[in-house]
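Okay, thanks for making time, everyone. Let me put the structure up and walk you through a few places in it.

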Amino acid sequence: MSAPTARHRPSGLAFALASALAFGGSGVLARPLLDAGMDSLHVTWLRLAGAALILLPVAMRHWRVAQRKPLLVLAYGVFPMAGVQALYFAAIARIPVGIALLLEFLGPVLVLLWVRVVRRNRVSPAAVMGVVLAVAGLGLLLEVWAGMRLDAIGVGLALGAAAAQAAFFLLGDAMGEDTDPLAVIAFGALIATVLLGVLAQPWTLPWGLLAAPLPLGALALPGWMIALWLGLVCTAIAYFTGVSAIKRLSPQVAGGVAYLEVVTAIVLAWVLLGEALTPVQVLGAVVIVTGAFIAQTAVPSTPETAVAPATEQPAPNGDQPALERS
């Protein structure tokens with residue numbers, strides 16, 4: 001039996017912030033490729049294929065991970081990597097981007113429901129309050145009341161992306177100390193690349209765009225450099241730091257901090273693309289940061305040591321009584 005994951009708030013928060021920064025930059029970095037005429041599914045496949053190529057040596061070195069935990073790596077490739085990306089891009093083809101993003105970021109709320117209803121564990125009031133504040137702030141940030149025209153299929157796809165995002169937090173928490181998260185991410189990227197390759201048909205991708213200089217704000221970067229950044233930073237590093245945060249915090253707390261990704265995306269769009277924030281969006285960003293901070297305080301800064309009550313005897317198999325998992 002693997003050792004339980006040690007919760008450590010300071011390092012977990014640092015990893016969560018790094019993950020939010022890495023994930024939050026993906027939309028801004030993808031914009032030059034999309035504006036140049038590349039299909040969104042092609043951009044998604046290119047991002048995952050770049051991460052798979054970068055992490056291929058890791059997968060080859062840790063090939064026993066796929067042999068020991070085939071269902072884990074398969075689920076990670078299907079849901080957090082291929083699922084979130086494909087469902088989100090399919091959703092924004094039918095409903096506004098802001099609405100799709102808001103619905104996708106209901107994932108941490110689904111995590112809370114899973115922990116409470118399925119696992120039947122008590123959820124920290126601070127984690128609940130933090131996520132509620134984050135959802136409210138997200139609504140302000142995206143100004144969801146402006147021009148809402150919702151397509152039922154689009155809403156369903158976005159909610160599917162939320163479920164896939166929830167799977168990211170839950171699978172990361174279930175890895176255990178005996179599993180290298182980078183190895184799982186490497187195999188997940190390989191699986192997602194193959195799955196999305198069937199839909200994206202990469203042989204139809206306009207490869208010439210990767211050699212052309214593409215505008216990013218005041219800069220002009222070659223397409224291959226943008227693709228490399230998407231694969232290395234916005235995917236490989238983003239998922240690695242995200243999983244590391246989950247293992248040090250908890251799925252629901254890391255989910256609350258993950259709302260900083262939206263703040264990061266909008267701030268980068270403002271700085272690099274000149275998309276200014278409205279006063280309401282600034283208020284929403286402040287509420288999100290406040291909610292994320294409250295959520296992360298739900299985890300003690302040092303691992304807790306379990307002490308069994310005097311009246312409770314060890315289980316017959318020698319295992320200690322189960323602890324409540326936040």
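**Starting with helix α7**

So, helix α7 covers residues 107-118, and its 12 residues should span 16 Å at 1.5 Å a residue; the end C-alpha atoms sit 15 Å apart, so that agrees. The expected span here is 1.5 Å times one less than the number of residues. Helices are DSSP runs of H or I with at least four residues, strands are E runs of at least two, and both are numbered from the N terminus.

Which residues of α7 are buried? They are G107, P108, V111, L112 and V115. They lie on the same side of α7, because they cover an arc of only 155° around the axis. That arc is taken over the directions from the helix axis to the C-beta atoms. For burial, the cut-offs are under 20% relative accessible area for buried, over 50% for exposed, and partly exposed in between, with a 1.4 Å probe and protein chains only. Just after α7, R120 has a positive phi of about 55°.

Quick word on what you're looking at: this is a predicted model, where local features need pLDDT of at least 70, side-chain atom pairs count only at pLDDT 80 or more, and totals for chains, interfaces and linings use all residues. Residues are numbered from 1 along each chain as its sequence is written, and side-chain values use heavy atoms, with hydrogens and water left out.

Zooming out, the chain has 14 helices and 2 strands. Of its 326 residues, 47% are buried. The chain exposes about 15,500 Å², with 69% of that supplied by carbon and sulfur atoms; areas come from Shrake-Rupley with a 1.4 Å probe, and for residues only the protein chains shown count as cover. Contact means heavy atoms within 4.5 Å, and among contacts with a separation of 6 or more, 88% are between residues 24 or more positions apart.

Now the core. The largest nonpolar core has 95 residues, and Y76 and L138 touch the most other members. Helix α11, residues 223-248, gives the largest share of this core, 11 residues. A nonpolar core here is a set of buried Ala, Val, Leu, Ile, Met, Phe, Trp, Tyr and Cys residues joined through side-chain atoms within 4.5 Å. In soluble globular proteins, nonpolar side chains tend to be buried together.

Leaving aside neighbours within four places in sequence, R47 contacts F23, S26, Q85, L230, G231, C234 and T235. S26 lies in helix α2 and counts as buried too, at 13%. With residues up to four places away left out, S26 touches R47, L230 and C234.

R31 is partly exposed at 37%, and D35 is exposed at 57%.

Last stop: T179, in the loop between α9 (152-173) and α10 (181-200). T179 is buried, at 2% relative accessible area. T179 and V65 are 114 residues apart in sequence, but 7.2 Å apart in space, C-alpha to C-alpha. Not counting residues up to four places away, T179 touches V65, K69, L72, V184 and K247.
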